[in-house]
Amino acid sequence: MAAESVTRRRFLATTAGALVTTSGCVGGVQNLAGRSRTAQLSLRISTVPASEDPYAVWIANHLADNLEASGVDTIVDPMSYDVFLREVLINHEFDIYIGRYPRLRDPDELRSMLYSAYSEEQGWQNPFGFSDPGTDELLDEQRAVSGDDRIDITNEIQQQILNEQPFVVLGVADRISAVRTDRFSGWPDGGLDNPTDYLLLDRAGEETTLELLLQNGRITENRNPLAVEYRDRGTLVGLLYEPLVRTPDGVDEPLPWLARDIAWEESEPTAATVRLRETPWHDGRSVTADDVAFTYEFLADTSLGEYDTAVPTPWRRSHVSLVESVTVEANDRLRIEFTTPNRSLAYRGLSVPILPEHIWRERSDAADLAGVDLSSRTTSALVDPNEAAVGSGFLQFDAAVPKESVSLTVFPEHFLWNGDANGIPARFGGTQPFDRVEFTVVPSQDAAVEVLAEGDADAPADRLQASIVPRIIDTEGISMTRRVPSSFYHVGCNCRRAPLTDPRFRQVLAQHLDRSAIVDEAFDGHGTPSEVPLRGKWVPKELEWNGTASRPFLGSDGDVAVERTQDAFRSAGYQYDGDQLVRRSGQ
Amino acid sequence: MFLSTAAQVAGIVSVFLVVATVTIVGPDRLRETRRTYRERLAAAAPYVGLLVPLLVVNKLARDIGPELSWLVGIRITGWLQTIDGLLLWPLYPEATPQVVVWLQSMATPAVTAYFSSVYVYGYVFLLVFPIIAYMSLSYPEPFRRTAIAYGANYLIGVVCYLVFIAYGPRNLLVEQVEGLLFTQHTQYQFVTAAVNNETNVFPSLHTSMAVTAALLAWSTRDEYPLWVPIATLLAVSVIVSTMYLGIHWATDVIFGIGLGWLSVVIGYRFEDWQPTLTGVKLRLTGIRNAIRSRQR
């Protein structure tokens, strides 16, 4: 109820303010009129609707209520997922957004999130427009070292994020799923979160078609691995396109995938010779070293030199920047030079999806599609729906009905099924667990559980929300499963827009977020609060979650204490008129 | 799931329609209709022909509407939430609740079941019965009025959906509003999701259509006195259900009532107009002449 009463208070205060203004003394009018007037600060929180992500909406309302209480006019602006990603990642049209970072397992991902030079690019690379030379240095330095030195520098980077707060990390929500085990077994914890999870399944009966449920129809209309606004975590396109190496959960060393083997050189920075497996594209042509060389050239600049400024991939930017050069040595062999001496980091550079040159080369021309600001440099590669999706993955595209369904079939010529799976543990290869995968869009998660209960599907392809857990538990024949994913919820600030340009403002903003309340109430307890983006050995002792953030929430039980937040804003240099935070420009 | 639920809706509504036809329209009128059904169908045909462009619009709206809307429309969810938060101020000046939250605070399973069925079955019945009832009258005006008013509702609604992008309360007030139809009566979703887009919120077409049907019922009170209270009760229930189920904001409903009234006005205005090809040609010539005379 807090927000509503505040809104009315604001209305009354505005009216009162107007009366006071009109009663100003005439002699001072000239002096006064020459000065620009102050107006209440207003901010817009971009997010997706509850049908797409109830957690994000809960967090948006929580932040909006607390900012309203502190005297900031705040509006929550829900939009469909693709529009949201387009506004935030491509057009940079936002003040604050609530979102989930797709996957973050290595500190190098922070380099693409925060590197100053990326702030004008489109995609997950520095959408915040953050710029800090000191941080840039640290982000470069973590690439040059390994072992404990890298951990120390990563700690410094995370400390820097907490000081500057270009984005505010809130925590991780468990990936919840519900599965049927009568037709397929071997479900990994949390369901099918990564492409390799699909390979872990086993047939439990005669059924050869895996039936999965989708929460939205994006994959039924767009199957472009570079179209950042249509991809959540890229799991489904990851089934269609193979990288050189894959690192499934629970595997220490990356597995050679399209690469048959990798011979490392003892050079600094490092380099490696990669031999490819013999495997075709879905259209029958062979996957060659030229395709791999093309992919790295293309991802670094999808215009292939056409534009004055490169148009890099909006996704996996940091992976691509780890590769310095690619030389084709034979049809199935190439030498790759890296920008880092750290071998485990170089492996990241090998994990981008390889694209067929004969399809993607012609997509380097300028795109003319509505929906994106046309003055910005956009290539066809970034906006093409890529409906046919010719890749080299173990599943190939078969058919789709827009907004309703998509079916993939097992690609029988794939190396996994043809005895050329050296270096890949047996549990991922061997016999094909299914012949087909049918994905069907359902109107909601409750509906998904109902379809599962009736035995018309085996599992959802997407994660489920916590509020559905009691329903899963009460339903016969399906079981709940969960895991902690590598994606975290965060509040992103557009550091290009005042007052979000000011780190002190962002610090106080961060103190309007109660991480414990978010996990308890938004995630229904199915999650972990955190103020840093990384996990495990990358989290410094002093930043491990102990119930209070290092910049603590200024309130209790999810509600801010207004006198504390107003004090915090005041000491950061902001001014109040009554209980409204006012600025000269009103911006 | 979609087909079985759709068949269920059709079945149940048909039963209602048969019962209502027998009791409200009555055997005498039905016998009369059976004797003269050719003329009546002929009189109605041009209006049924109006359906064709409507279906084209519907197809377009469903296929490209949402995408087009995100390009040209304005996002108003935040404003609807703000306005809704002020509406109950006269009742609760201290801490004004959102209208939808306030309605849902009175929820019980029985009430939810009632409003869910009204939202689905009651609504369809409320719209279809007048078509049967007015076809059974010996003069065509009520039928024409109804066809035009329904068409006007839909056309104006579609234009609004294109211009205004908004999500309903169930998509924004997660901690307070339950999408009751969606969590408790899951089966209906397969039908509602197939016929509607979740950003088609402002104004409430459920409300406007229901208001139109109720106002038209009043206009035929001499012929069908029993239909007036039934239509009124159903319309009010449908209107409350859209908010109670967390689908619409109160603001959507207020504008929906306005649209429903406007559509009836349009229906009256054009009930003597025959939508024939020659008529359209004449009108076009008239417009052309008017433009020419202005140019001179």
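This is a predicted model: local features need pLDDT of at least 70, side-chain atom pairs count only at pLDDT 80 or more; totals for chains, interfaces and linings use all residues.
Figure 1. Beyond its neighbours within four places in sequence, A:N342 is in contact with A:R143, A:V145, A:S146 and A:R150.

**Figure 2. A patch of negative charge on the surface of chain A.** The patch gathers A:E137, A:E141, A:D148, A:D149, A:D152 and A:E156. Which helices each supply at least two residues of the negative patch? They are α6 (133-144) and α7 (147-164) of chain A. Helix α7(A) provides the largest share, with four residues. A:D152 is found in this helix, α7 of chain A. With a relative accessible area of 45%, A:D152 is partly exposed.

**Figure 3. A nonpolar patch on the surface of chain B.** The residues that form this patch are B:I74, B:W79, B:I83, B:L87, B:V159, B:V163, B:I254 and B:F255, and together they have about 710 Å² of accessible area. Two or more residues come from each of α6 (77-87), α9 (141-163) and α14 (250-269) of chain B. Helix α6(B) gives the most, namely three residues. B:W79 has its place in helix α6 of chain B. Is B:W79 buried or partly exposed? Its relative accessible area is 46%, so B:W79 is partly exposed.

**Figure 4. Chain B as the setting of the nonpolar patch.** Chain B contains 15 helices and two strands. Of its 296 residues, 47% are buried. Among the contacts in chain B with a separation of 6 or more, 86% are between residues 24 or more positions apart. The chain exposes about 14,600 Å², and carbon and sulfur atoms supply 70% of this area.

**Figure 5. Two cis peptide bonds, one in chain A and one in chain B.** Most peptide bonds are trans. The bond from A:E268 to A:P269 is cis, with omega near -5 degrees. A:P269 lies in the loop between β12 (259-265) and β13 (271-276) of chain A. In chain B, the bond from B:F202 to B:P203 is cis, with omega near -5 degrees. B:P203 is found in the loop between α11 (189-195) and α12 (205-219) of chain B.

**Figure 6. Positive phi angles at A:L304 and A:K403.** Most residues other than glycine have a negative phi. A:L304 is not a glycine, yet its phi is positive, at about 50 degrees. This residue, A:L304, belongs to the loop between α10 (289-300) and α11 (317-321) of chain A. A:L304 is partly exposed, its relative accessible area being 22%. A:K403 is not a glycine either, and has a positive phi of about 70 degrees. The place of A:K403 is the loop between β16 (395-401) and β17 (405-410) of chain A. A:K403 has a relative accessible area of 37% and is partly exposed.

**Figure 7. The salt bridge of A:D174 with A:R482.** In this pair, the closest N and O atoms are 3.3 Å apart. The bridge links distant parts of the chain, since A:D174 lies in the loop between β5 (167-173) and β6 (175-179) of chain A and A:R482 in strand β20 (residues 479-483), 308 residues apart. Which relative accessibility does A:D174 have? The value is 9%, so A:D174 counts as buried. A:R482, at 40% relative accessibility, counts as partly exposed.

**Figure 8. Further salt bridges, at A:D182 and at A:R483.** A:D182 forms a salt bridge with A:R180, with 3.2 Å between the closest N and O atoms. A:D182 counts as partly exposed at 42% relative accessibility, whereas A:R180 counts as buried at 11%. The side chains of A:R483 and A:D197 also meet in a salt bridge, at 2.9 Å from N to O. This pair joins distant parts of the chain: A:R483 is in strand β20 of chain A, and A:D197 is in the loop between β7 (184-185) and β8 (202-203) of chain A, 286 residues apart. Both A:R483 and A:D197 are buried. Over all chains, the whole structure has 44 salt bridges.

Technical notes: Residues are numbered from 1 along each chain as its sequence is written. Chains are lettered from A and ligands numbered from 1 in the order in which they are written. Side-chain values use heavy atoms; hydrogens and water are left out. Patches are made of residues with over 30% relative accessible area and no salt bridge: like charges are joined within 9 Å, nonpolar side chains (Val, Leu, Ile, Met, Phe, Trp, Tyr) within 5 Å. Accessible areas come from the Shrake-Rupley method with a 1.4 Å probe; for residues, only the protein chains shown count as cover. A salt bridge is a side-chain nitrogen of Lys or Arg within 4 Å of a carboxyl oxygen of Asp or Glu. Lys and Arg count as positive and Asp and Glu as negative; His and the chain ends are not counted. The place of a charge is taken as NZ of Lys, CZ of Arg, CG of Asp or CD of Glu. Buried means under 20% relative accessible area, exposed over 50%, partly exposed in between (1.4 Å probe, protein chains only). Contact means heavy atoms within 4.5 Å.
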